[in-house]
Amino acid sequence: MSVPIIRTRQLCREYLVGAQTVKALIDFSIDIQHGEFVAIMGPSGSGKSTCMHLLGCLDTPSAGEYHLDGQNISSLDADALAGIRRRKIGFVFQSFNLLGGANAIANVELPLVYGGVSRAQRLEQARAALDSVGLADRGHHLPAQLSGGQMQRVAIARAIVNRPALVLADEPTGALDTQTGQEIMALLESLNRCGMTVVVITHEAEIAAFAQRVLYFRDGRLIEDRSTSGVNAVTATTLPKIGEAHHEAQ
Amino acid sequence: MKLSDSLLSAVSSLRANKLRTALTTLGIIIGVSAVIAMVGVGKGAQLRIEETIQGLGENVLFVRNGTSVAGGVRGGANSKISLTEADATAIIAGAPSILIAAPTLRATGQVIFGNTNWFSTIYGVGDTYLQARDWQIENGRTFSTNEERSSTKVAIVGQTIIDQLFLGQDPVGETIRIDRIPFRVVGTIRAKGESSWGRDHDDVVFVPLSAARSRLDVGKRYRGNLVRDITLKARSADLLETAEQEVTDLLRERHRIRPGAPDDFYVRNVAQYLKARAKSERTMSLLLAAVAGISLLVGGIGIMNIMLVSVTERTREVGLRMAVGARRIDILVQFVTEAMAVSLIGGAIGVALGLGGLLTAARFGDWPVVISPFSAVIAMGFAALIGIFFGYYPAHKASRLDPIVALRRE
Ligand SMILES: Nc1ncnc2c1ncn2[C@@H]1O[C@H](COP(=O)(O)OP(=O)(O)OP(=O)(O)O)[C@@H](O)[C@H]1O
Ligand SMILES: [Mg+2]
């Protein structure tokens, strides 16, 4: 086994609401290998999005450790996290989050703009990304001129334009009809086949069926970790300690 | 993020809210145009004083016939002529602050050379007058004492006469006719040029005072040794007021004016008058400065206000940008750039309006203005600074947003 793309140990996230602490995520420990396609399921408020924000380096844990691609994330500051998001992670949101005033190409280019990529190179990469989601001819359309499915494709193109190792999608089909949702999942599946690690949050079993591994959350805890090859144990004791990965690999 | 990208994104976001942008820039527009107008008017007034003093000659005072009204405007048309050449002599003898007292006759009249003629101003003066007014001889010579005494028909001409009658050729030795009387040109004077508000200093012909009195029509109006005015040169600028007092006292005594009775002459201190006027123009400048300052402040606060609104409206956008890898500084720069772009647009329009106003004032009004590109650069720089200053707080606020909170915002 090589270094996992995601390795968390006793990851916790607590929110202080007034005098009360809300434990949104409790002792989350997992290893996800490069190239996996993982779905996260669970009832509303079970901590799925909280978990994804931590995995995506948008948020910092209250306790526990997170190693992304072998790098300890827990101690990094906001700007360093921004750099990691830019290089390694692509996000897809339920509500697309496209910039309304910018056309498809400009939206897709955005991560490259912050990477300081030259204009010509940006355009080339954005075109390629749009092409790979099947929207080569929609580059100059504004989001308002696209259908929901097309907007989500643009958002996916934006997520992959930097060729990130990890694509995180929070209910990417939540705002789409079943048919379009299936198409979007097929697209994510094809990205996964190209080697990207994909993690998708969903409420629907048909969507989760695209994944090889499904994580179930309830009340902030991971309660089940099922893969197509059988149910994994979810207790931390069976996972190697961080730092033991190489040792274990031998 | 590169600066050019920040600028592009700023421009596109401003274009998305055209009306709002336009309204926001209003304060800056007014402020910057007031700055431009202020500098233009202030410098214009300054220039006018310098030019006028240069045109008059340094430390010059005039004594004229008639009574003066406040501000130096001439009194009634039928005021009595009482100044004489003897008054001038007496002033030199009795007023220690006066260096030169030159009696003068002046008339406008036709000057003819060959078959060209030109309407000009003819002065009957002595060489001391040329000295008082800082007229330099360019070619030829000034009047000799003998010529001044014996009404010799000689003349010294200004550059405009040379251009108009002699087509630029040297006129020395030629003969011109004034009131049909032939005068020999013995000298020319160095050009003083045109003043910024269009007065030609060089459209002049000088002849000896005695010659003007006995040969020209003007002599019939100033009989005996009466003169139109006496041009005085004080020994220094500090003595101008003392000189004015000395001359007034002396002339009142000579003209036997009883205490309490009005003068039958008036002393005009042009430099002082101009300085008084400059003061009112300075007041105007100050007023403009106040308008500029307040407008710029209000404009800056307007920018800050609209940027705060913009940050709130675009919280999700900020969250998204952060999610795809924008660092805090990128967000900060983006919003500051936007604020700066607003104020620069306002600044550019303000400069255009201010310059337009100045040009209009220069063309249609009797208002001296100076248009300096430097003031436009300064005003634009100032506008940019205001954008940065007032845009910083909202931008900082945006850059400190938590990406998750920002992304969740509806
Ligand atoms: N900013 C916050 N402040 C306080 N509590 C929070 C905050 N964000 C999330 N929570 C709480 O954390 C818990 C988990 O929230 P989370 O958004 O992760 O749920 P979720 O599984 O994604 O739900 P859904 O399926 O509805 O999206 C919830 O109880 C929620 O109220
Ligand atoms: Mg959620």
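A polar contact, as the term is used in these legends, is a pair of N or O atoms within 3.5 Å. The model shown is predicted.

View 1. On the chain A side, a polar side-chain atom of K48(A) lies 2.7 Å from an oxygen atom of the ligand, and a polar side-chain atom of T50(A) lies 2.6 Å from an oxygen atom of ligand 1. Taken on its own, ligand 1 has 630 Å² of accessible area, of which the protein covers 69%.

**View 2. The shell of residues around ligand 1.** Because the residues that surround ligand 1 come from chains A and B, the site is shared between chains. There are 14 residues around the ligand, and those that come nearest are S44(A), G45(A), K48(A), S49(A) and T50(A). Sorted by class, the shell comprises seven polar, four nonpolar and three charged residues.

**View 3. Secondary-structure elements of chain A at the site.** Two elements of chain A, β1 (6-17) and α1 (48-55), each supply at least two residues of the shell around ligand 1. The largest contribution is that of α1(A), which gives three residues to this shell.

**View 4. Domains of chain B.** Chain B is divided into domain 1, which consists of the segments 3-52 and 276-408, and domain 2, which spans 81-263. The centres of these two domains of chain B, taken over C-alpha atoms, are separated by 55 Å.

Terms used
Residues are numbered from 1 along each chain as its sequence is written. Chains are lettered from A and ligands numbered from 1 in the order in which they are written. This is a predicted model: local features need pLDDT of at least 70, side-chain atom pairs count only at pLDDT 80 or more; totals for chains, interfaces and linings use all residues. Side-chain values use heavy atoms; hydrogens and water are left out. A residue is near a molecule or strand if one of its heavy atoms lies within 4 Å of it. A polar contact is a pair of N or O atoms within 3.5 Å; within protein, one must be able to donate a hydrogen and the other to accept it, and residues adjacent in sequence count only if both atoms are side-chain atoms. Accessible areas come from the Shrake-Rupley method with a 1.4 Å probe; for residues, only the protein chains shown count as cover. Helices (H or I, at least four residues) and strands (E, at least two) are DSSP runs, numbered from the N terminus. Ala, Val, Leu, Ile, Met, Phe, Trp, Tyr, Cys and Pro count as nonpolar, Asp, Glu, Lys and Arg as charged, and the others, Gly among them, as polar. Domain bounds come from an automatic or database domain assignment.
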